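Subject: Structure handover

Hello,

Here is the structure we spoke about. Please open it and keep it beside this email as you read.

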Amino acid sequence: MPDEGVCAKINIGIFYIKKDFKAKVAKLISIKEAINLIKDSSTVMIGGFLSCGTPDKLIDELACRGTKNLTVISNDTSFPDVDKGKLIVNKQVKKLIASHIGTNPETGRQMSAGELEVELTPMGSLMERIRAKGAGLGGVLTPTGVGTTIADGKKVYELDNKKYLFEKPISADFALIYGTKADKFGNISYFGTTRNCNTVMATAADVVIVQADEIVDCLDPNEVVVPGIFVDYIVARDESPAKSLNKVLEAEK
């Protein structure tokens with residue numbers, strides 16, 4: 001296992017650091033404490049593709065709490081009885097920015113009835129708009145949507161005889177993301193396609209909360225996909241491992 005000096009290098013993104021440097025440690029909290037941070041009318045990014053790489057326990061708690069008038073930014077609204085779909089069925093969402101709603105009939109029903117404002121955005125454009133915010137860019141130019149209803153109300157630029165839509169960056173108050181493994185510094189690793197939307201969303205919200213399947217003391221540098229500098233809070237999907245890690249953190253104080 002790598003030493004703390006190595007993990008610190010990952011976390012703050014520099015090439016050399018003294019062994020005794022005290023790197024930022026992301027705060028390990030319970031799922032209930034994490035969701036308590038989210039208030040009515042918040043804008044929330046939620047990672048995952050359907051139920052792959054989705055922070056399901058965080059979403060379940062948000063659904064149970066009944067926080068309302070949310071603006072949700074996600075790839076999709078899953079199914080009516082699963083993770084993100086529960087927020088739609090509960091009518092907790094005021095506005096939705098997403099790419100795909102076909103697997104949740106309730107989303108379409110609420111949209112058609114005028115109960116839910118839906119901004120449908122092509123998947124690649126949605127991810128690029130989120131990435132642009134994380135990278136500090138003023139927006140992105142894309143040919144996707146030119147000449148369709150997607151272009152309504154948006155600026156169109158012509159470069160080298162080709163037309164592009166100007167898409168503004170997207171940000172959020174909170175990002176609820178998934179991680180296969182996380183360490184006490186907030187560094188995250190992923191298995192397979194579970195990274196999907198999570199990696200870009202980690203860069204584009206004021207407060208980032210990761211739900212991890214496994215929490216370890218320190219990840220190997222080669223495993224790290226999202227550096228801990230982006231992560232504010234960690235929760236364990238199964239909260240029993242969180243208790244053991246808390247003991248580790250308390251012993252280091």
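Below is what was found in it, from the whole chain down to single residues.

**The whole chain**

First, a caution: this is a predicted model. The protein chain has 253 residues, and 47% of them count as buried. Its secondary structure comes to eight helices and twelve strands. Residues 24 or more positions apart account for 70% of them. The chain exposes about 12100 Å². Carbon and sulfur atoms supply 54% of that area.

**Helix α3 and D56**

Start with helix α3, which runs over residues 56–65. Its buried residues are D56, L58, I59, E61, L62 and A63. After the helix comes G66, with a positive phi near 80 degrees.

Is D56 buried or exposed? D56 has a relative accessible area of 19%. The cut-off for buried is under 20%, so D56 counts as buried. What does its side chain meet? It makes a polar contact with the side chain of R237, at 2.5 Å. Leaving out residues up to four places away in sequence, D56 touches Q211 and R237.

**The loop with K68**

Move on to the loop between α3 and β3 (70–74), where K68 is found. K68 touches D40, S41 and Q92, again not counting residues up to four places away in sequence. Take Q92 first. K68 and Q92 are 24 residues apart in sequence. In space, their C-alpha atoms are 4.3 Å apart.

Now take D40. The side chains of D40 and K68 meet in a salt bridge, 2.9 Å from N to O. Why does this pair tie together separate parts of the chain? D40 lies in the loop between α2 (31–36) and β2 (43–46), while K68 lies in the loop between α3 and β3, so the bridge links parts that are 28 residues apart in sequence. Both partners are partly exposed: D40 has a relative accessible area of 40%, and K68 has 43%.

**More salt bridges**

How many salt bridges does a search of the whole structure find? It finds 17. The D40 and K68 pair is described above. Here are two others.

D76 forms a salt bridge with K84. The closest N and O atoms are 2.9 Å apart.

E119 counts as partly exposed, at 24% relative accessibility. Which residues belong to the network around this pair? Salt bridges that share partners join K95, E117, E119, R129, K154 and E167 into one network.

**Helix α6**

One member of that network, R129, is also among the buried residues of helix α6. Helix α6 covers residues 123–135, which is 13 residues. From its first C-alpha to its last, the helix reaches 18 Å. That is close to the 18 Å expected at 1.5 Å a residue. Just after α6, G136 takes a positive phi of about 75 degrees.

**A nonpolar patch**

Finish at the surface. L141, Y157 and L159 form a nonpolar patch there. Together they have about 270 Å² of accessible area. Y157 is found in strand β7 (residues 156–159). Is Y157 buried, exposed or partly exposed? Its relative accessible area is 38%, so Y157 is partly exposed.

**Where to look first**

For a quick tour, go to three places. Find D56 and its polar contact with R237. Then find the salt bridge between D40 and K68. End at the patch of L141, Y157 and L159.

Best wishes

Methods. Residues numbered from 1 in each chain as written. Heavy atoms only, no water. Helix = DSSP H or I, 4+ residues; strand = E, 2+ residues; numbered from the N terminus. Expected span 1.5 Å × (residues − 1). Buried < 20%, exposed > 50% of the residue type's maximum accessible area, 1.4 Å probe, protein only. Contact = heavy atoms within 4.5 Å. Areas by Shrake-Rupley, 256 points an atom, 1.4 Å probe, with all protein chains shown as cover. Patch = residues over 30% accessible without salt bridge, like charges linked within 9 Å, V, L, I, M, F, W, Y side chains within 5 Å. Salt bridge = Lys/Arg side-chain N within 4 Å of Asp/Glu carboxyl O. Polar contact = N/O pair within 3.5 Å; in protein donor to acceptor, adjacent residues only side chain to side chain.
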